[in-house]
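Biologist: I would like to learn how to read the features of a model like this one. Please take them one at a time, starting with the aromatic rings.

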Amino acid sequence: MKTLALAAALAVALPFSGPFQTAQAQMAAPVLAGSPVTAETLVDRAEMIRIADTLDAAVDAKDWALARSLFTDEIDVDFTSLAGGEPATIPADDLIAGWSANLTAEKESFHLRGNQRITFTGADTAVMLSHGYAWNRMERGALPENGGNPLWEVWGTYLHGFARVDGAWKISAMTFTATAERGSTFVRNTPGS
């Protein structure tokens with residue numbers, strides 16, 4: 001559970017079970033380009049991008065109620081590229097609890113995402129592939145005994161799964177695949193106080 005809590009605390013997108021797994025297997029190459037933009041999908045696309053951007057802003061503002069409202073009740077998560085362990089299906093409340101325990105007032109964060117490509121996998125399901133960057137700062141990291149660096153940052157790829165629930169899009173899955181990181185492992189691995 002400690003690995004899962006650390007994984008939940010570190011980041012926010014590659015599905016691995018249920019209908020999402022089927023969609024993943026069917027679209028390994030098409031997900032890179034996404035589905036064509038049409039008049040019929042334009043509003044849904046804009047809403048999914050808004051939701052993912054709102055999640056980043058909510059996490060950085062430590063607005064955990066807003067962040068939680070963007071998820072289905074259970075979500076597939078995979079942060080193994082950062083924390084090891086195994087992908088899992090967990091209650092969204094547990095993900096938010098992990099993030100809020102790690103990103104306290106002492107630990108600042110900044111998340112940025114771009115190059116979103118959305119692939120519709122069904123009438124009420126979709127995945128969004130995007131590039132992402134996250135930055136964490138904690139002054140305690142600057143202390144010599146903690147490594148002397150208050151910053152940790154990571155670059156990678158997010159894959160958000162979306163499901164339409166009661167007419168509204170919600171995040172149902174999230175994988176982050178890190179491609180590079182630098183900075184203080186103390187800041188990365190130590191919850192704020």
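Biologist: How many aromatic pairs does a search of the whole structure find?

Modeller: Rings of Phe, Tyr and Trp (its six-membered ring) pair if their centres lie within 6.5 Å; planes under 30 degrees apart count as stacked, over 60 as edge-to-face and the rest as tilted. Here the search finds four such pairs. One of them is Phe71 with Trp99, a tilted pair at 6.1 Å centre to centre and 55° between the planes. It links Phe71 in strand E1 to Trp99 in helix H7, 28 residues apart. Helices (H or I, at least four residues) and strands (E, at least two) are DSSP runs, numbered from the N terminus.

Biologist: What should I keep in mind about the source of these values?

Modeller: This is a predicted model, in which local features need pLDDT of at least 70, side-chain atom pairs count only at pLDDT 80 or more, and totals for chains, interfaces and linings use all residues. Residues are numbered from 1 along each chain as its sequence is written, and side-chain values use heavy atoms, with hydrogens and water left out.

Biologist: Are Phe71 and Trp99 buried or exposed?

Modeller: Buried means under 20% relative accessible area, exposed over 50%, partly exposed in between (1.4 Å probe, protein chains only). Both Phe71 and Trp99 are buried. A further tilted pair is Tyr133 with Trp155, whose ring centres are 5.3 Å apart and whose planes stand at 50°. Tyr133 belongs to strand E4 and Trp155 to strand E5, so this pair ties together parts 22 residues apart in sequence. Tyr133 is buried at 17% relative accessible area, while Trp155 is partly exposed at 30%.

Biologist: In what order do the strands form the sheet?

Modeller: Two strands pair if DSSP finds at least two bridges between them. Six strands form an open sheet in the order E2-E1-E6-E5-E4-E3, with mixed pairing. Its edge strands are E2 (88–91) and E3 (108–122), each pairing on one side only. From one strand to the next, the twist averages 25°. E5 and strand E6 (residues 168–183) run antiparallel and are joined by 14 bridges; Trp169 in E6 is the bridge partner of Arg164.

Biologist: Which strands does helix H4 lie across?

Modeller: Contact means heavy atoms within 4.5 Å. Axes are lines fitted to C-alpha atoms, for helices over the stretch in contact, and angles run from 0 to 180 degrees between N-to-C directions. Helix H4 (residues 42–61) lies across E1, E3, E4, E5 and E6, at about 155° to E3. Helix H7 (residues 92–102) lies across E1, E2 and E6, at about 65° to E1.

Biologist: How many salt bridges does the count come to?

Modeller: A salt bridge is a side-chain nitrogen of Lys or Arg within 4 Å of a carboxyl oxygen of Asp or Glu. The count is eleven. Among them, Asp44 and Arg164 meet at 3.3 Å, N to O. Asp44 lies in helix H4 and Arg164 in strand E5, so the pair ties together parts 120 residues apart in sequence. Asp44 counts as buried at 17% relative accessibility, whereas Arg164 is partly exposed at 26%.

Biologist: Where do Arg113 and Asp56 lie?

Modeller: The side chains of Arg113 and Asp56 meet in a salt bridge at 2.7 Å, N to O. Arg113 is in strand E3 and Asp56 in helix H4, 57 residues apart. Arg113 and Asp56 are both buried.
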